[in-house]
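This report covers selected local features of one protein model. The sequence and structure come first, and the notes follow.

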Amino acid sequence: MVRRSKRKLRRLSRNFPVNVQTDSVDILPCASIPSPLTIPMSELPKIAGRTPVKVSLEEGKNYAYCTCGLSENQPFCDGAHKGTDFKPIVFTAEADADMHVCMCKRTANGPRCDGMHKSLPEES
Ligand code: FES
């Protein structure tokens with residue numbers, strides 16, 4: 001058990017599941033933080049593609065990135081997520097630019113690809 005000041009507690013609580021009741025930090029073992037590989041398949045989004053797709057964004061235009069993988073308009077939302085716990089990531093392009101958009105829906109930096117597709121299990 002580690003004793004820390006309240007300010008450090010607040011900072012740590014952004015990164016770790018902490019127990020703040022006891023004025024100390026119980027840094028829970030990493031095993032208690034579910035990795036994407038341990039979340040039941042039923043709760044994971046559908047893999048819409050195994051490689052990212054390059055999209056040319058237009059400055060000032062709004063986009064809704066599909067996080068569920070069910071959309072027929074990938075990588076963008078078409079409402080197919082309705083009835084699921086998934087919601088699209090809505091964003092406005094800050095400039096005319098190309099973006100490699102995640103299609104495996106495992107990215108931690110949506111809508112951008114973060115390379116998670118490289119650790120997808122082999123296709124069965
Ligand atoms: S269709 Fe996938 S988030 Fe809307």
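## Cysteines

Cys68 has a relative accessibility of 4% and counts as buried, where buried means under 20% relative accessible area, exposed over 50% and partly exposed in between (1.4 Å probe, protein chains only). Cys66 is also buried, at 2%. Across the whole structure, the search finds 0 disulfides, a disulfide being a pair of cysteine sulfur atoms within 2.5 Å.

## Basis of the model

The model is predicted: local features need pLDDT of at least 70, side-chain atom pairs count only at pLDDT 80 or more, and totals for chains, interfaces and linings use all residues. Residues are numbered from 1 along each chain as its sequence is written, and side-chain values use heavy atoms, with hydrogens and water left out.

## Ser71 and its loop

Ser71 belongs to the loop between strand 4 (62-65) and strand 5 (89-92); strands (E, at least two residues) are DSSP runs, numbered from the N terminus. Ser71 is buried, with 7% relative accessible area.

A polar atom of the Ser71 side chain lies 2.5 Å from the backbone oxygen of Phe76. The backbone nitrogen of Asp78 is 3.4 Å from a polar atom of that side chain. Beyond its neighbours within four places in sequence, Ser71 is in contact (heavy atoms within 4.5 Å) with residues including Cys66, Cys77 and Ala80.

## Backbone geometry

Pro75 lies in the loop between strand 4 and strand 5, and the Gln74 to Pro75 peptide bond is cis, with omega near 5°.

In the segment after strand 6 (97-101) is Pro111; the peptide bond from Gly110 to Pro111 is cis, with omega near 5°. Lys105 lies in the segment after strand 6. Although not a glycine, Lys105 has a positive phi of about 65°, and Lys105 is buried at 7% relative accessible area.

Key. Helices (H or I, at least four residues) and strands (E, at least two) are DSSP runs, numbered from the N terminus. A polar contact is a pair of N or O atoms within 3.5 Å; within protein, one must be able to donate a hydrogen and the other to accept it, and residues adjacent in sequence count only if both atoms are side-chain atoms.
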